[in-house]
Amino acid sequence: MDPKKAQEALRIAQELAKQAKSATDFHNAFFGVGGKFGDLFPIRSERELFAKTPEYQEIVRMRAALPPDRAAS
């Protein structure tokens, strides 16, 4: 996997996290249908490799730091 793609994913996720009102909003924008994750990593093997990177771990941490969706509470 191209390390530059992982860095780009992290940069995009950081921008989305700034705009997200909840962890659900962030998750949907990045990981959801039509989200950036699928655009960056359209092939399953790429997604699996990305999931093992420090950038992925940081994205997961950012999602966890966002407030939960109020409707889900």
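User: Which residues form one aromatic cluster here?

Analyst: The cluster is made up of Phe26, Phe30, Phe31, Phe37, Phe41, Phe50 and Tyr56. Rings of Phe, Tyr and Trp (its six-membered ring) count as a pair if their centres lie within 6.5 Å; planes under 30 degrees apart are called stacked, over 60 edge-to-face, and the rest tilted. Before going on, note that this is a predicted model, in which local features need pLDDT of at least 70 and side-chain atom pairs count only at pLDDT 80 or more, while totals for chains, interfaces and linings use all residues. Residues are numbered from 1 along each chain as its sequence is written, and side-chain values use heavy atoms, with hydrogens and water left out.

User: How many aromatic pairs does the structure hold, and what is the angle between the planes of Phe37 and Phe41?

Analyst: A pair of aromatic rings is described by the distance of the centres and the angle of the planes. The structure holds 9 such pairs. In one of them, the ring centres of Phe37 and Phe41 are 5.8 Å apart and the planes meet at 55°, so the pair is tilted.

User: Are Phe37 and Phe41 buried or exposed?

Analyst: Buried means under 20% relative accessible area, exposed over 50%, and partly exposed in between (1.4 Å probe, protein chains only). Phe37 has a relative accessible area of 13%, so Phe37 is buried. Phe41 is buried too, at 0%.

User: At what angle do α1 and α2 pack?

Analyst: Two packed helices are described by the angle between their axes and the distance between the axes. Axes are lines fitted to C-alpha atoms, for helices over the stretch in contact, and angles run from 0 to 180 degrees between N-to-C directions. Helices (H or I, at least four residues) and strands (E, at least two) are DSSP runs, numbered from the N terminus. The angle for α1 and α2 is about 145°, and their axes are 10 Å apart. On the α1 side, Ala9, Ile12, Ala13, Leu16 and Ala17 make the contact; on the α2 side, Phe26, Ala29 and Phe30 do. Contact means heavy atoms within 4.5 Å.

User: What about helix α2 and helix α5?

Analyst: Helix α2 (residues 23-30) and helix α5 (residues 54-65) also pack at about 145°, with axes 8 Å apart. Ala23, Phe26, His27 and Phe30 of α2 meet Ile59, Met62 and Arg63 of α5.

User: Which residues of α2 are buried, and where do they lie around the axis?

Analyst: The buried residues of α2 are Ala23, Phe26 and Phe30. They lie on the same side of α2, because they cover an arc of only 65° around the axis; the arc is that of the directions from the helix axis to the C-beta atoms. Their cover includes α1, α3 (36-40) and α5.

User: Which residues are exposed or partly exposed, Lys4, Arg11 and Pro68 included?

Analyst: Lys4, in helix α1 (residues 3-19), is exposed at 63% relative accessible area. Arg11 is also in helix α1 and is partly exposed, at 41%. Pro68 is in the segment after α5 and is exposed, at 58%.

User: How many residues apart in sequence are Pro68 and Lys21?

Analyst: Pro68 and Lys21 are 47 residues apart in sequence and 8.7 Å apart in space, C-alpha to C-alpha. For Arg11 and Lys36, 25 residues apart along the chain, the C-alpha separation is 11 Å.
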